[in-house]
Amino acid sequence: MSLESRLTERQFFLLSLGGLLLLLVTLYAALLRPQFQQHADLRRKVDLKTRELREAGYLLGEAPLQARKRALEREYERLLGEWETARDHLSTFGDRDESTPAEVGHIDYKVRLYLTRDRLRDKAASQKIDVPALLGLPDTLDSDDVAREKMLQLRAVELLVDTAIEYGIADIRGIDPLPPVVHAAGAEDTVYLEEYPLRVRFEGDMRGLYRLWEAMFQPGRAMLLRNIAMEKTSLRHPDAVRMTATLSSFLFLEEAENVDPARERNPAPTAAKGH
Amino acid sequence: MPRSAKTVLGLEIGPRSVHIVTAVARGGRLKVKRADRLPVPDTPGGAATVLKRWWEEHAPGKTPCVLSVGGGRVLYQQLRMEDTDPREHAQVARMEALRLGEMTDAPMEVSATPASRDSGERRLLLAMSRAEALEDALRPVREAGADPVNLCPAPVALFNGLAAVGTPIEGPTLVADLGADRTEVVIGDAKGVRFARSFDLGDAHLDDLLARHLRLPTPQATRARWKCDRLGALPEGTDDLCRRFAEQWTREIEACLDMYTDTLDTEGEPGIRTAILAGEGADWPPMRGLLADATSLSISSPGRLPGVESDETAGFLIACGLAADGLGLAHAPASLLPASLRQRLERQRNKRHWTAAAVCTLAAMGVLVAGVRVSLHREQKRLQRHNATLQRSDALRRETETLQARKSLVEDMLAPLEDFVANSARVRELTLFIAEQKTDGDFLTFLGDSESYLQIRLDSAEDREQRALSPRDRLALKQLNRRRADEMRDARMNRLIVEGFTPRGNLSSVKTLIEALGARPDVARADLLSDDFIFGDPDRDPQWQSDGHRRFVLDLRLVPPREPKPGRPE
């Protein structure tokens with residue numbers, strides 16, 4: 001006896017209804033639910049991204065974002081240009097590799113110090129300008145570790161004194177090399193600039209000091225002002241002044257585009273160390 | 001056999017013959033397309049064999065057929081419901097069948113036929129039969145491959161057949177079907193059936209009597225009888241046998257009439273005067289006269305089969321009634337189909353509806369699912385496009401933020417250099433400006449940034465103090481000065497101190513100078529420095545003041561070259 005013949009019409013109806021419901025559930029589970037799930041996931045993803053962009057102020061559409069990006073690119077290029085210009089004008093020691101060889105021993109420093117002292121003494125004597133005999137630099141070094149730093153300080157002093165002598169500007173009463181200032185930036189605090197400040201005391205007339213000042217802006221001689229104090233020294237000689245200044249020479253170590261920017265803004269991007 | 005949806009077979013299976021009527025409904029009336037009488041051999045399963053052969057020959061396929069069940073298989077009961085009885089006819093019939101089933105210890109199928117088609121009819125004719133007896137009746141048809149759609153009590157089919165062939169019924173009429181071994185009796189009127197009974201007396205009894213008398217085998221006696229078209233043609237001495245048979249049959253008929261009047265309240269109704277004789281036995285010409293002589297009733301014959309040229313109408317009356325039942329033309333509907341078979345038939349009848357409903361439901365579900373999928377797919381595509389736009393925007397955001405970070409970095413890297421350049425330029429310009437603006441007689445003794453001013457004055461004071469200090473204290477003072485120098489680191493030169501002397505006691509020239517300085521765009525504020533911050537220089541001051549000059553100290557706050565960023569020390 002077949003199943004059909006054993007069932008009443010009501011049972012058959014209920015069975016059919018159950019079958020249909022089962023089919024419906026199966027269709028839902030097999031066909032619709034995965035699609036609903038996929039749809040919900042995608043919607044969640046879209047909502048999340050929309051919220052992120054809105055909160056960041058970037059929910060503007062592609063064209064405005066492209067325009068903003070292009071404007072930033074132009075601004076960035078402009079800044080890179082500024083950086084190049086600043087580096088070309090302000091670089092005191094020239095090429096890094098040439099200025100700071102990897103290995104500088106204290107003997108190298110001493111040899112250069114003595115030669116420089118001799119040269120500058122003769123040069124100053126010929127121009128009748130007083131310069132400190134020792135140039136404010138020590139004769140002995142405890143180790144090779146500071147040789148590079150002292151060598152660069154020596155070069156800064158040499159440049160300053162050379163300029164002062166060549167321009168016949170003033171007597172140099174005192175030179176005090178200060179510890180170098182290190183400028184770092186980026187995600188890994190990349191050192192991109194070393195600053196070698198000299199605290200110098202000149203005495204001379206005002207015109208000469210102005211000439212010196214002008215000379216400090218010339219490429220290859222650039223030394224920039226950190227501090228300055230000009231004092232009148234005598235009532236009877238109106239032009240006689242004493243200038244105490246901190247002048248910095250610069251060694252550029254990294255190109256701006258080579259420094260990795262921090263993902264999060266660094267609270268002190270150019271925290272200087274030293275001095 | 002050509003089939004149509006309206007073609008129905010009426011099947012009456014008797015012990016000696018099977019009557020098959022193939023009929024259709026035309027204009028609400030029965031039309032017989034074919035009437036077959038099939039002799040049944042006297043062997044077990046003879047009827048099934050004959051039917052099977054006929055089925056194979058005529059191939060009616062699944063043409064629905066209606067079958068009669070009668071004789072001793074069916075019990076008849078006349079019933080009159082109380083006027084207050086709230087039950088329906090079917091409920092009454094089932095309860096009676098239940099009651100009888102309990103008495104006989106066998107499940108009973110029941111059919112209720114109301115005496116009229118009136119909705120308030122209280123008189124019922126119940127026909128009850130054991131389920132297994134019905135299965136026996138159905139077996140030959142099933143074996144033949146037929147498709148029975150109804151099982152009708154033979155007396156009710158007889159009455160329906162009478163109405164179907166168009167025989168007028170006026171008043172209560174007795175119809176008797178003289179079969180081979182039984183006689184089916186039904187009493188009804190123009191409204192419907194009222195009484196039915198079956199008794200074991202057919203023309204086969206007459207044949208048995210003749211065979212014994214003539215010392216012949218029964219079939220031979222039967223053939224001999226059917227060869228005689230009048231009573232006198234029968235062998236000598238057999239007419240008494242015939243008369244005795246007629247009297248016996250008449251007594252049974254009278255018993256039926258007595259039962260009819262006893263069980264049904266017929267008072268006030270006209271009496272039964274007419275009997276219509278049908279059945280195969282009635283087709284023997286002397287039989288009608290023989291029975292007419294024995295009874296007081298007027299014996300008449302049914303009408304001819306509609307659509308068939310045949311004189312043997314009487315034998316097909318039940319089959320006609322069955323066909324009429326199958327076509328829905330029955331005057332008195334009845335069914336003894338077993339419940340399971342009825343359900344199966346209902347299911348078959350409803351099968352196409354079920355199929356249509358299932359197809360529609362599946363189609364609706366399919367459309368629904370497809371619609372949802374299509375809708376979701378479109379929404380998904382839209383979201384994917386939106387997501388792609390957002391992803392591109394996000395990529396632009398990242399690129400922009402990277403650029404912004406790079407730009408900020410370069411700005412930060414440039415900042416100290418800008419400060420240095422600005423320092424030199426501003427101090428130089430201000431120095432020249434002050435030199436031009438100062439009034440004759442006034443002279444400057446100091447120009448520098450505030451840090452340097454403080455440092456020089458402190459150093460000067462320290463020098464004087466150091467002279468009085470022990471070496472240890474001198475070292476401590478040196479360290480203190482070193483710390484102060486450290487604090488100067490990154491200091492921006494945004495504040496300049498200008499010290500000078502004027503011969504004018506009212507400081508009018510100083511005021512003019514301050515106003516001129518204050519007008520410069522690179523000077524945020526120009527003022528006299530508070531006395532608290534003025535340091536004297538005992539070594540130099542006396543020479544400046546010797547001519548009665550008065551000291552002034554200007555405090556110049558310069559506009560920063562670039563606003564410092566948060567976190568950047570000033």
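Within strand S14 (443-449) of chain B, B:Gly448 is the bridge partner of A:Ala229. S14(B) pairs with strand S4 (residues 224-232) of chain A in the antiparallel sense, over three bridges. Strands here are DSSP runs of E with at least two residues, helices are runs of H or I with at least four, both numbered from the N terminus, and two strands pair if DSSP finds at least two bridges between them.

This is a predicted model, where local features need pLDDT of at least 70, side-chain atom pairs count only at pLDDT 80 or more, and totals for chains, interfaces and linings use all residues. Residues are numbered from 1 along each chain as its sequence is written, while chains are lettered from A and ligands numbered from 1 in the order in which they are written.

## Where the chains touch

The contact takes 65 residues from chain A and 64 residues from chain B (C-beta atoms, placed from the backbone, within 7 Å). On the chain B side, helix H10 (339-437) gives the largest share, 47 residues.

Let's turn to helix H5 (residues 106-127) of chain A. Its buried residues are A:Tyr109, A:Leu113, A:Arg117, A:Leu120 and A:Ala124, where buried means 20 or more other C-beta atoms within 10 Å of a residue's own and exposed means 12 or fewer, with C-beta atoms placed from the backbone. These buried residues pack against helix H6 (147-166) of chain A. On the other side of H5(A), the exposed residues include A:Ile107, A:Val111 and A:Asp118.

Just after H5(A), A:Lys128 takes a positive phi of about 60 degrees.

Methods
Two residues are in contact if their C-beta atoms, placed from the backbone, lie within 7 Å. The expected span of a helix is 1.5 Å times one less than its number of residues.
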